[in-house]
Amino acid sequence: MARPFGARSGSDRETPHGIEALTRRAAATPGLIPLGGGLPSAVQFPRAELAASFLRVLTKQGTPALQYGWPEGLESLRRWVAEWLVARGFHGLTAADVIITNGAQQALALATQVLARPGQSVAVDPQSYPSALDLFVSRDLQRVPLTSPKNAHVYYVMPAVANPGGGTMNDAARAALLARRRPVIEDDAYGDLLFAGSAPAPLAVSDPERVFFVGTFSKTLCPGLRVGWLVVPSRWRRRALHLKQAADLQSNSLAQAVVDDYLARHDFERRLPVLRRFYRRRAERLASAVRRAIPSWRFELPAGGFGVWIETDAAVDERRFLQTAVEERVSFDPGTGFEAWPTRGPTTLRLCFSLARPAEFEEATRRLARAWRRAARGAPRAGRAREGREGTLRRSRWMAAPTSPAPAP
Ligand SMILES: Cc1ncc(COP(=O)(O)O)c(C=O)c1O
């Protein structure tokens, strides 16, 4: 199994006490119910359709799918992405504005490389996407709070659906960010998986000259093909393309051709409500199971995405908790993997509802409750407002009021 997001790597975020080894052990444990990892449900991969596209592009005259292509990517796929984004509010976007990347992760890497030099600062949420944090560490960037009064060199945000919080950035926070007039990397990896209502227009729509916009098919089609995109403000486009070419010449021709063929033949727009309902139902099922099994844990229902961010009521040894959970045959993503800088306070974690079957949620949370009782024995109880640390469930400051979706049909 792929390295689950939440497993840690990278210099000063290097796993301090073997969390990654435990996460790998969890992935290989028979009968374990995975509530960690943040992987999409394989049930939703359009396998037959992608297989047909695969065969079609491989038997096409001249097989361009097996040939070199341009660094910016397949023109028809870039056109599709541009039209998709125009429908989301982007004005006058064309294929020329889009670079096809090896997943959103490469788009983040290119944007970071264009915008920030080692030693400069990147502003992030206190809890953020682990592989973006690893990337910033690997580029030797200082991580500072988004709300810091002093401007950072670059801002990294997930305005539509944040990972791990699962919230949507509110209007005041969006306005405050844009008012800084600094370069922004807008990660929209989960933007199409907002459970209810439509996502607010991307920040890049309001400030196309400063905002790098990152998207991906990993969450809505499948991650294995590694097809994502980057919309680069015009003044940085040549540099981004140059870096893309230097990194890997181009994104995989075959994967691009398969996705392009798939999109030409299937209504992607109609696929999304199905996915949103599917993941929303799972989010609600997992939330109720957690409430029943461990009522002292606090969380808010996510507005979208694959996981629920949880704040517990005690400060336990995270490694011991994960080890106990794996013994009980359930996994989770330890909270410190998402921390942009070390914090004190109650143990936090992310539970993913995307991969395990909902029928397993009750059993999974019973196992988790047992593991928690074992791990928390003797640990200091954390009050609701523990001294020295604000809770991590601070939607009010950054996040829009959580949507309360109608019960899924
Ligand atoms: C917020 C966020 N951004 C980017 C990515 C990377 O996506 P991709 O698989 O397209 O590289 C992920 C993957 O989990 C993610 O959660």
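User: Is Thr63 buried, exposed or partly exposed?
Analyst: This is a predicted model, in which local features need pLDDT of at least 70, side-chain atom pairs count only at pLDDT 80 or more, and totals for chains, interfaces and linings use all residues. Residues are numbered from 1 along each chain as its sequence is written. A residue is buried if 20 or more other C-beta atoms, placed from the backbone, lie within 10 Å of its own, exposed if 12 or fewer, and partly exposed in between. Because Thr63 has 13 other C-beta atoms within 10 Å, Thr63 is partly exposed.

User: Where is Thr63 found, and what phi does Thr63 have?
Analyst: Helices (H or I, at least four residues) and strands (E, at least two) are DSSP runs, numbered from the N terminus, and Thr63 falls in the loop between α2 (47-58) and α3 (75-87). Most residues other than glycine have a negative phi. Thr63, although not a glycine, has a positive phi of about 35 degrees.

User: Arg226 also has a positive phi; why does Arg226 count as buried or exposed?
Analyst: Arg226 sits in the loop between β7 (211-216) and β8 (227-231), with a phi of about 60 degrees although it is not a glycine. Arg226 counts as buried because its C-beta neighbours inside 10 Å number 20.

User: Which peptide bond is cis, and what is its omega?
Analyst: Most peptide bonds are trans. Pro164 lies in the loop between β5 (154-157) and α6 (171-179), and the peptide bond from Asn163 to Pro164 is cis, with omega near 15 degrees.

User: Which elements do the buried residues of α12 pack against?
Analyst: Phe361, Leu368 and Trp372 are among the buried residues of α12. Counting two residues as in contact if their C-beta atoms lie within 7 Å, the buried residues of α12 pack against β1 (33-34), α10 (268-293), α11 (318-327) and β11 (330-331).

User: Which helix gives the most to the shell around the ligand?
Analyst: A residue is near a molecule if its C-beta atom, placed from the backbone, lies within 6 Å of it, and of the 14 residues around the ligand, Gly103, Ala104, Gln105, Thr216 and Ser218 come nearest. With three residues, the helix that gives the most to the shell is α4 (residues 103-115).

User: Over which residues does pLDDT stay under 50 while the model has seven contacts beyond four places in sequence?
Analyst: pLDDT is the predictor's confidence in each residue, from 0 to 100, and the protein chain averages 90, with 89% of the residues scoring at least 70. Where pLDDT is low, the predicted coordinates should not be read in detail. The stretch with seven such contacts and pLDDT under 50 is residues 384-390.

User: What share of the 409 residues in the protein chain is buried?
Analyst: The protein chain has 13 helices and 13 strands. Of its 409 residues, the buried share is 48%.
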